[in-house]
Amino acid sequence: MRMAKITLSNLAHAYHPNPASEDDYALKQTSHVWEDGKAYALLGPSGCGKTTLLNIISGLITPSQGRVFFDDDDVTSIPTAQRNIAQVFQFPVVYDTMTVRENLAFALRNRGMDKAGISRRVDIIAVMLGLEETLDCKARALSADAKQKISLGRGLVREDVNAILFDEPLTVIDPAMKLELRIQLKSLHNELGHTMIYVTHDQTEALSFADEVVVMDKGRVLQTGTPEALFEAPAHTFVGHFIGSPGMNVLDVTVDGSRAYLDGNLIKLGHHYGTPAGKVQIGIRPEHISLNATNGLPAQILRVEDVGRHKIVRAQAMGQTLNLIASNQTTINTGMASLGFERGKISVFVDGWRFSPSHGQEGAM
Amino acid sequence: MEKTVNQRAWLLVLPVFLLVAFSAVIPLMTVVNYSVQDTFGNNKFFWAGLEWFSELLHSERLWSAFGRQIAFSAIILALEVPLGVFVALNMPKKGIWASVCLVLMALPLLIPWNVVGTIWQIFSRVDIGLLGHTLAAMGIDYNYTRDPLAAWTTLVVMDVWHWTSLIALLSYAGLQSIPQAYYQAAKIDQASRLDVFRFIELPKMQGVLMIAILIRFMDSFMIYTEPFVITGGGPGNSTTFLSIDLVKMALGQFDLGPAAAFSLMYFLVVMLVSWVFYTVMTNMEKADTFHG
């Protein structure tokens, strides 16, 4: 089995021929190494450049600058067909006039695989995706769901690929099937050990599929890390806000040492930060805020939403809104409350980026 | 649910009913009327029953015109469809040249039939026409007023010149609607150019192509103006297609009965072929969505 480490070196891409400013770049300068055999998710809102990045890896787009390496081979100018990549697109791409079987076999046949090998692979994939019964139907006769499964199957059928790229492959699949296919993809990854890169704007999909998640926004990679790292220590306020439901609360404050002030109200921090300059913010997840703390931040409770597992409370403190999560059992009335922040869980951001505490100093009591 | 009966609704349908009656039903019925009668002038008519129909069905003149008509439609379809698809495949997909191509392709479609006939009539003349004169100067014996082959060639080339753009434009629209992902997937699957055409482009163009073929078939099957202008149906009867023959019969010989019977059969054939096309097309669409 052939696989490869994929290295992106100083990559950038603009769709305009003559990019003038940084804003013209759909993908801003990025370097990244995709380790062989890992499952990655590329997570970000629509238009953040994740599909561009994916198409650069598969060779459908030639980057404006930078190089792409598979292991040590520079493949930047090598066409897609020779890169030995499998890619699954957002909308079903099937060959209408072929049967499901012919669709799955097509890429194998073009690569000169023998008949026995083809039918073995096709059968394995068909069973895995639940396509056995429709194998001899014409692809055009099937529903959108089934067509997308054929697309997935065409991506998975080749054993010797360098990587399998998924571009929001479950968009058209219905929710119950989505979960099942995601579990299948994950187990398939464990089984075959292909490098997989999965583009999505759905954090649940990303976090449950990937060993490592790459979060992008506005053409820039903001953070790469395990789902846990993204949750606990977001590198950028965008990551904090994008991951989690609801996302991290970000409040404009001033920081002095281990104290933050929100309009004169003291919030104690877990670490010492000195006196950072610039736009200073603290981030706290809704899970780490408690109601009715002694000497807490005075806040007005605006709204309580019961989402079943827990309650989401929307509050306002000093003109800034924040969310917090409370247990299902507590009864909460709108009105004034006092919010307590779990001090060890507070992150500090300067100009959007995570700000590390000064070393060797624990926060003063 | 109970339906209320309101007979006044008939009044609302009346204008359309009258319009259709005067524009289609009554003229058609006049033709039906002529087709079952005979006349020797003086506006006196005699009942002839289905005599004209049976006479025409055994007439060699009609069958040979029908044969020429089928041959003409078959030849121009066999040339225009592949050529139109080929042109569409090679047209630029976007940018200024795409617009330039579209305008150029649309030009022949805007020229009136009899002007097209006149252009080619003059273009092909041996004495003053650019084409005819050049061919003659090259020593090729080309004269569409004498040689049936030359007459047919002129008409076929003219029709290809006039109508290939229609097929090309419709195919082009079909091609433009194919999402980029299909081509990308084909690249990843290492599909050859021929595979892309066979498995992606042709199936996606199928719908518009069927419509294009239907339109071109009907139009070419009813062709009148251009052969009338260029050859007048000659030399001999070699380019006397159905419409030309019909006009000769109805206006030249003033055989109203046979001409009316001829018209009705002509009409039925065109309708029958269109119906077959339509049924095939809708069945294909049904097959597409049956399991969906």
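**Exercise 1. Helix 1 of chain A**

Task: Is helix 1 of chain A mostly covered or mostly open, and which of its residues are buried?

Solution: 
- Step 1. Helix 1 of chain A runs over residues 50–58, and eight of its nine residues are buried. This helix is mostly covered. The model is predicted.
- Step 2. Name the buried residues. They are K50(A), T52(A), L53(A), L54(A), N55(A), I56(A), I57(A) and S58(A).
- Step 3. G59(A) follows helix 1 of chain A, and its phi is positive, near 90°.

**Exercise 2. Chain A as a whole**

Task: How many helices and strands does chain A have, and what percentage of its residues count as buried?

Solution: 
- Step 1. Chain A has nine helices and 22 strands.
- Step 2. Chain A contains 365 residues, and 53% of them count as buried.
- Step 3. The C-alpha trace of chain A spans about 75 × 45 × 35 Å along its principal axes.
- Step 4. Turn to contacts in chain A between residues at least 6 apart in sequence. Of these, 67% join residues at least 24 apart.

**Exercise 3. Helix 5 of chain A**

Task: What span is expected for helix 5 of chain A, and what span does the model give?

Solution: 
- Step 1. Count the residues. Helix 5 of chain A has 13.
- Step 2. Apply the rule: 1.5 Å times one less than the number of residues. For helix 5 of chain A the expected value is 18 Å.
- Step 3. Compare. From its first C-alpha to its last, helix 5 of chain A reaches 18 Å, close to the expected value.
- Step 4. Check burial. Eleven of the 13 residues of helix 5 are buried, and this helix is mostly covered. Among the buried residues are the charged K147(A), K149(A) and R154(A).

**Exercise 4. The largest cavity**

Task: Which elements of chains A and B each supply at least two residues of the lining of the largest cavity?

Solution: 
- Step 1. Start with the count. The structure holds three cavities of 30 Å³ or more. The largest has a volume of about 100 Å³.
- Step 2. List the lining from chain A: A86(A), Q87(A), V88(A), F89(A), V93(A), S151(A), R154(A), G155(A) and R158(A).
- Step 3. Strand 6 (85–88) and helix 5 (144–156) of chain A each supply at least two, and so does helix 8 (180–188) of chain B.
- Step 4. Sort by class. The lining of the largest cavity has six nonpolar, three polar and three charged residues.

**Exercise 5. The second largest cavity**

Task: Which helix gives the most to the lining of the second largest cavity?

Solution: 
- Step 1. This cavity has a volume of about 30 Å³.
- Step 2. Its lining is M128(A), L129(A), L152(A), L156(A), L181(A), Q184(A), L185(A) and L188(A).
- Step 3. Helix 4 (115–129), helix 5 and helix 6 (175–192) of chain A each give two or more of these residues. Helix 6 gives the most, with four.
- Step 4. By class, seven lining residues of the second largest cavity are nonpolar, one is polar and none is charged.

**Exercise 6. The nonpolar cores**

Task: Which residues have the most contacts inside the largest nonpolar core?

Solution: 
- Step 1. The largest nonpolar core has 68 residues. F72(B) and F262(B) have the most contacts inside it.
- Step 2. Helix 7 (residues 148–176) of chain B gives the most to this core, with eleven residues.
- Step 3. Set aside neighbours within four places in sequence. F262(B) is then in contact with L56(B), L62(B), L242(B), D245(B), L246(B) and M249(B).
- Step 4. A second, separate core has 47 residues, including L131(A), I150(A), L156(A) and L188(A).

**Exercise 7. V269(B)**

Task: Why does V269(B) count as partly exposed?

Solution: 
- Step 1. Locate V269(B). This residue is in helix 12 (residues 256–289) of chain B.
- Step 2. Recall the cut-offs. Buried means under 20% relative accessible area, and exposed means over 50%.
- Step 3. V269(B) counts as partly exposed because its relative accessibility is 27%.
- Step 4. Find its contacts. Beyond neighbours within four places in sequence, V269(B) is in contact with F66(B) and F221(B).

Notes: Residues numbered from 1 in each chain as written. Chains lettered and ligands numbered in written order. Predicted model: local features only at pLDDT ≥ 70, side-chain atom pairs only at ≥ 80, totals over all residues. Heavy atoms only, no water. Core = buried A, V, L, I, M, F, W, Y, C linked by side-chain atoms within 4.5 Å. Buried < 20%, exposed > 50% of the residue type's maximum accessible area, 1.4 Å probe, protein only. Contact = heavy atoms within 4.5 Å. 1 Å grid on protein atoms, 1.4 Å probe; cavity = no way out; pocket = protein on both sides within 12 Å on 5 of 7 lines; lining within 4 Å. Points joined across faces, edges and corners; volume = space filled by probe spheres on them.
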